[in-house]
Each structure stands twice: as structure tokens, then as C-alpha cells.
Amino acid sequence: MKKVAIKFLLYFLVFFGGNLIINILFKSQADFLTAFSTAFGVAFGIAAIEFYTRKKSKAV
């Protein structure tokens with residue numbers, strides 16, 4: 001479970017930073033709420049799917 005939390009944080013930081021950079025490049029402002037919500041959703045989804053597939057593969 002600890003690995004999943006660390007991977008979630010890494011995914012979150014990468015996607016959050018990427019979203020902020022893209023917002024600044026294509027818009028004239030940094031929209032933190034949009035960057036946060038997008039990064040959180042994507043990072044949570046990736047971490048959840050990865051956790052599920054690892055759990056499923058160990059059970060077989």
C-alpha cells in the first residue's frame with residue numbers, strides 16, 4: 001500500500017506541474033483549481049488501476 005501512495009504522489013506532482021505549465025503557455029493565467037482537479041483525478045485513476053492489477057495478478 002505504501003508503494004501505491006508514493007506512486008500516486010509522483011503521478012500527482014508530474015500531472016499537476018504539467019497542467020500548470022500548459023495553462024500558463026496556452027492561457028494568460030495559471031488556473032490552480034483546474035490543474036489540481038485534473039491531476040488528482042488522473043493520478044488517482046492510474047494508481048487505483050495499478051493497485052487493482054497488481055492485487056489481481058498476485059491472487060492468480
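Helices (DSSP runs of H or I, at least four residues) and strands (runs of E, at least two) are numbered from the N terminus. With that in hand, let's walk through how two helices meet here. This is a predicted model, in which local features need pLDDT of at least 70, side-chain atom pairs count only at pLDDT 80 or more, and totals for chains, interfaces and linings use all residues. Residues are numbered from 1 along each chain as its sequence is written, and side-chain values use heavy atoms, with hydrogens and water left out.

**How the helices pack**

Helix α1 covers residues 2–26 and helix α2 covers residues 32–59. Their axes come within 8 Å of each other and cross at roughly 150°; axes here are lines fitted to C-alpha atoms, for helices over the stretch in contact, with angles from 0 to 180 degrees between N-to-C directions. The crossing of α1 over α2 is right-handed, a label given when the near helix is turned clockwise from the far one by less than a right angle (left-handed if anticlockwise). In the contact of α1 with α2, 18 residues are nonpolar, three are polar and three are charged. In this count Ala, Val, Leu, Ile, Met, Phe, Trp, Tyr, Cys and Pro are nonpolar, Asp, Glu, Lys and Arg are charged, and the others, Gly among them, are polar.

**Charged side chains**

Searching the whole structure turns up two salt bridges (a side-chain nitrogen of Lys or Arg within 4 Å of a carboxyl oxygen of Asp or Glu). In one, Lys-7 pairs with Glu-50, and their closest N and O atoms are 2.6 Å apart. This bridge links distant parts of the chain, since Lys-7 belongs to α1 and Glu-50 to α2, 43 residues apart. In the other, Arg-54 pairs with Glu-50, with 3.5 Å between the closest N and O atoms. Here both partners sit in α2, four residues apart, or about one turn of the helix. Through shared partners, the bridges join Lys-7, Glu-50 and Arg-54 into one network.

Apart from neighbours within four places in sequence, Glu-50 is in contact (heavy atoms within 4.5 Å) with Lys-7 and Tyr-11.

**Buried or exposed?**

The table lists relative accessible areas for residues in this report; buried means under 20%, exposed over 50% and partly exposed in between (1.4 Å probe, protein chains only).

| Residue | Relative accessible area | Class |
|---|---|---|
| Lys-7 | 30% | partly exposed |
| Phe-8 | 18% | buried |
| Asn-23 | 9% | buried |
| Phe-40 | 39% | partly exposed |
| Glu-50 | 17% | buried |
| Phe-51 | 35% | partly exposed |
| Arg-54 | 45% | partly exposed |

**Aromatic rings**

The structure holds six aromatic pairs. Rings of Phe, Tyr and Trp (its six-membered ring) pair if their centres lie within 6.5 Å, and planes under 30 degrees apart count as stacked, over 60 as edge-to-face and the rest as tilted. One of the pairs is Phe-8 with Phe-40, edge-to-face at 5.6 Å centre to centre and 90° between the planes. It too links distant parts of the chain, as Phe-8 lies in α1 and Phe-40 in α2, 32 residues apart. Phe-40 also pairs with Phe-44: the ring centres are 6.2 Å apart and the planes are at 10°, so this pair is stacked. Phe-40 and Phe-44 are four residues apart in α2, which means they are separated by about one helical turn. Phe-8, Phe-12, Phe-16, Phe-36, Phe-40 and Phe-44 together form one aromatic cluster.

**Two more residues to look at**

Phe-51 has its place in α2. Setting aside neighbours within four places in sequence, Phe-51 is in contact with Met-1 and Val-4. From Phe-51 to Ala-5 the C-alpha to C-alpha distance is 9.9 Å, although they are 46 residues apart in sequence.

Which residues does Asn-23 touch, not counting residues up to four places away in sequence? Asn-23, found in α1, touches Gln-29, Asp-31 and Ala-35.
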